[in-house]
Amino acid sequence: MTTEFEPQGEHDQRLLGSVRPAAWKNPEPAPAYNLVVVGAGPAGLVAAAGAAGLGAKVALIEKRMLGGDCLNFGCVPSKALVRAGRAAADVKAASAFGVNVFPGASIDFPAVMERVRSVRADIGPNDSAERFQKLGIDVFFGEPEFVGRQAVAVDGKTLRFTRAIIATGARPARLPIPGLWEAGAHTNETIFQLTTKPRRLLVIGAGPIGVELAQAFARLGVEVTLLEALHGLLPREDPDASSIVRRALENDGIRFRCCVSVAGVDRDGSLKRVRFASKHADPETADFEEILVGVGRAQEFPQEPGPEGTRGSDRAEAVLGALQGGRAAGRGSGIYKGSIRGWNRDRNETRNQSRIAIARIRASRRNRLGCRGAWKFSCCAGGSAGGFRQKGKSRACLRSCRPRRQIRGAGCARRI
Ligand SMILES: Cc1cc2nc3c(=O)[nH]c(=O)nc-3n(C[C@H](O)[C@H](O)[C@H](O)COP(=O)(O)OP(=O)(O)OC[C@H]3O[C@@H](n4cnc5c(N)ncnc54)[C@H](O)[C@@H]3O)c2cc1C
């Protein structure tokens, strides 16, 4: 089983030691699980820890690296890079505050990237296989396949469950541009592995990922062109906010081009020759050392449930359709949606989806979680231990729990 992750040095080895240990042996499955969680990003980890805290017997299945996008390819490394960019921008602007930086200030790009990977490795133990094992959770690595209504197979073993949560998140959307991937374009899954500074970087997609990474790299001395096929930057955001961000990016030296798309990419030695197309201008070509694609997220979905578990011939679609509404897949199948949408805006939203799924499971009449009645559930984002607190110790939780109408979905645990 490959993780498609190419470790760069000691820090990445440390990270893998936490989130995908080479010597890990999948445990012998328990005779039955109250809950199986598929996908161990923020949503899956919260669901597993929360249910285990309630006394449930839980199995967690991950096909790549525990921590998901957030730890390995998203929030953590991107914020570490953004922080380095901010330090560089502060130094550049220091004289405006009367602070004279000694001549010769420079950016050591390989050191910046090494720090990004070291920050990620330092946080790794929080999401580690060892930690979740100590919480009493059976951690399995491998690609699962639903083989029945309440059974999933992984690594040649069959896990039987009463309830399952699918929290398989999303991966970068792949643009079908001729030559783009052959030329070695990056996504957020590979860009943090860079070890040398590209002179020129093309960022395709001016959504949140493209914008924050474009700014960070520009502040670190890379010549950045940011490209958006639609009109304007951050097209989903308020236009006034977008124009403030646009001015900030231009101050950082980013060249922003909108209503332009990439027609194709050719490799020329270490360079990527990009052909641009626009309705409003003649076709153009430009060379870049690196390309980063940040054009959105594509849904991940595990092997569809087997014939027993679903109705209809197009099983994956049927299950997915049911899950989109946050309902169990097929009446009474016990499979719940954790996070499978193509775009989860942030890790808190995705964690809350898991909390809501657990609340639904607890609230269901056929609840088999085996939870002791003394436990309460809270949907509030600030809750601890995956949002679960013991009765009698939940004052803070009850104070901060948002009114039910503000919580997406109807599964608020206030009901329990
Ligand atoms: C560059 C970038 C920066 C970001 N910055 C922030 C930020 O600053 N703040 C913030 O709140 N959010 C941020 N996000 C968003 C955040 O990363 C996501 O919202 C969050 O990771 C979603 O969590 P998840 O558990 O739903 O899915 P994921 O993190 O995608 O986890 C899903 C897990 O399921 C596994 N999986 C997939 N298919 C299977 C399968 N068939 N079997 C078993 N396992 C499977 C995957 O390997 C993965 O580990 C950022 C995202 C990116 C890309």
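Strands are DSSP runs of E with at least two residues, and helices are runs of H or I with at least four; both are numbered from the N terminus. Two strands count as paired if DSSP finds at least two bridges between them.

S11 and S12 (residues 271–278) run antiparallel and are joined by 8 bridges. Valine 262 has phenylalanine 276 in S12 as its bridge partner. Aspartate 268 is partnered by leucine 271 of S12. The hairpin of S11 and S12 has 2 residues between the strands, and glycine 269 takes a positive phi near 60 degrees there. In general, strands of a sheet pair through backbone hydrogen bonds.

Residues are numbered from 1 along each chain as its sequence is written. Local features need pLDDT of at least 70 and side-chain atom pairs count only at pLDDT 80 or more, whereas totals for chains, interfaces and linings use all residues.

The chain has 11 helices and 18 strands. Of its 416 residues, 44% count as buried. Buried means that 20 or more other C-beta atoms, placed from the backbone, lie within 10 Å of the residue's own; exposed means 12 or fewer, and partly exposed lies in between.

The largest nonpolar core has 89 residues. A nonpolar core is a set of buried Ala, Val, Leu, Ile, Met, Phe, Trp, Tyr and Cys residues joined through C-beta atoms within 7 Å. Val36, Ala48, Val58 and Leu60 have the most contacts inside this core. Helix H2 (residues 42–53) gives the most to it, with 8 residues. Leucine 60 touches Val37, Ala40, Gly44, Ala48, Phe132, Ile137, Val139 and Phe140, not counting residues up to four places away in sequence. Contact here means C-beta atoms, placed from the backbone, within 7 Å.

The chain averages a pLDDT, the predictor's confidence in each residue from 0 to 100, of 80. Residues 303–332 stay under 50. Residues 367–416 are also below 50. Where pLDDT is low, the predicted coordinates should not be read in detail.

Methods: Contact = placed C-beta atoms within 7 Å.
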